[in-house]
Amino acid sequence: MTAPTKPPHSTPPSGTGEATAADPSGGADLHLPVIAWFDEHARDLPWRRPEAGAWGVMVSEFMLQQTPVSRVLPVYEQWLARWPRPADLAREAPGEAVRAWGRLGYPRRALRLHGAAVAITERHGGDVPSDHAQLLALPGIGEYTAAAVASFAYQQRHAVLDTNVRRVFARAVTGVRYPPNATTAAERRLARALLPEDERTAARWAAASMELGALVCTAKNETCHRCPIAAQCAWRLAGKPEHDGPPRRGQTYAGTDRQVRGKLLAVLREAHAPVPQAALDAVWHEPVQRARALDGLVSDGLVEPLPGGMYRLPSA
């Protein structure tokens, strides 16, 4: 997300010097207007405040994966109130993390965040490490999250490529409507080429370009008249050509195994004692799909089977 503190605004230095055909300056002409726009329009979010600290930034990054800010905010506040430090979460059973995750979706993220908290407590004395390699070595931490925490919590210089940033770069620099479905090596090279040299400015740039994609350069309803770099945008200058790749389909939910898994987990989250198979059977009419969903939850470590056909959230 964004840096928890705002460095003094100044003219950003030039980019890395790795020029591209669409952006021969290496990005220097983009930094100032985007960061200035961010200084004026950035949302006031709790993980952007200094008191959030590195743990608050990490929690937000886990929660915000594939989940909108509006749904994350109440769960985030409750989570940090209950577990203000990694060690506080590490002392709890992983099932409590799943319970507190509520209906954010993709609940394996809760288990991964719990695993990261345990590792931080055991390996780093309870403090989220600032070293990028140490962050990447934590369970459940991938390339994006390690870069985001290092950048937003510790003001380091890393390319932070989420969907919003990738879309901004695809349009403004590459001249296409959407980025590829999966992050490519070319996108990573471009992101590195666009990074300001100064660490704090680079962190600010990462946050600002992400916010621009979230609020202005959105997937379906871009508002170019509000964009600080509209005059330089390669996609707009090319006449906004339509997407020239495979159809982009939205994710379905109704009737899927994901929906069934969510219903099964809801029963277990609300119960503070093991529940019988019959209680789980009642939430979905189709037995084959229901059994498949339950088996998947057990396989993922989100549900713990007990003797006698009882089930509970994981205890260890």
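Student: Which residues do ring pairs link into a cluster?

Tutor: This is a predicted model, and in it ring pairs join Trp79, Trp83 and Trp101 into a cluster. A search of the whole structure finds four aromatic pairs. For Trp79 and Trp83, the ring centres are 4.6 Å apart and the planes stand at 75 degrees, so this pair is edge-to-face.

Student: Are Trp79 and Trp83 buried or exposed?

Tutor: The term buried applies under 20% relative accessible area. Trp79 has a relative accessibility of 1% and therefore counts as buried. Trp83 is also buried, with a relative accessible area of 1%.

Student: What kind of aromatic pair do Phe169 and Trp205 form?

Tutor: Planes under 30 degrees apart count as stacked. Phe169 and Trp205 have 10 degrees between their planes and 6.0 Å from centre to centre, and their pair is stacked. Phe169 belongs to helix 9 (residues 163-174) and Trp205 to helix 11 (residues 199-215), so the pair ties together parts that are 36 residues apart in sequence. Phe169 counts as buried at 6% relative accessibility, and Trp205 is buried at 3%.

Student: How is the packing of two helices described?

Tutor: Two packed helices are described by the angle between their axes and by the distance between those axes. Here, the axes of helix 2 (residues 53-64) and helix 8 (residues 143-154) come within 9 Å and cross at roughly 145 degrees. The crossing of helix 2 and helix 8 is right-handed.

Student: Which residues make the contact between helix 2 and helix 8?

Tutor: Helix 2 contributes Ala54, Val57, Met58, Glu61 and Phe62. From helix 8 come Tyr144, Thr145, Ala148, Val149, Phe152, Ala153 and Tyr154. Sorted by class, the contact of helix 2 with helix 8 has 10 nonpolar residues, one polar and one charged.

Student: How many bridges pair strand 1 with strand 3?

Tutor: Strand 1 and strand 3 (residues 310-312) pair over two bridges in the antiparallel sense. Within strand 3, Tyr311 is the residue that Val275 stands opposite.

Conventions: Residues numbered from 1 in each chain as written. Predicted model: local features only at pLDDT ≥ 70, side-chain atom pairs only at ≥ 80, totals over all residues. Heavy atoms only, no water. Axes fitted to C-alpha atoms, helices over the stretch in contact; angles between N-to-C directions. Helix = DSSP H or I, 4+ residues; strand = E, 2+ residues; numbered from the N terminus. Left-handed = near helix turned anticlockwise from the far one by under 90°. Contact = heavy atoms within 4.5 Å. Nonpolar A, V, L, I, M, F, W, Y, C, P; charged D, E, K, R; others polar. Pairing = 2+ DSSP bridges. Phe/Tyr/Trp six-rings, centres within 6.5 Å; stacked < 30°, edge-to-face > 60°. Buried < 20%, exposed > 50% of the residue type's maximum accessible area, 1.4 Å probe, protein only.
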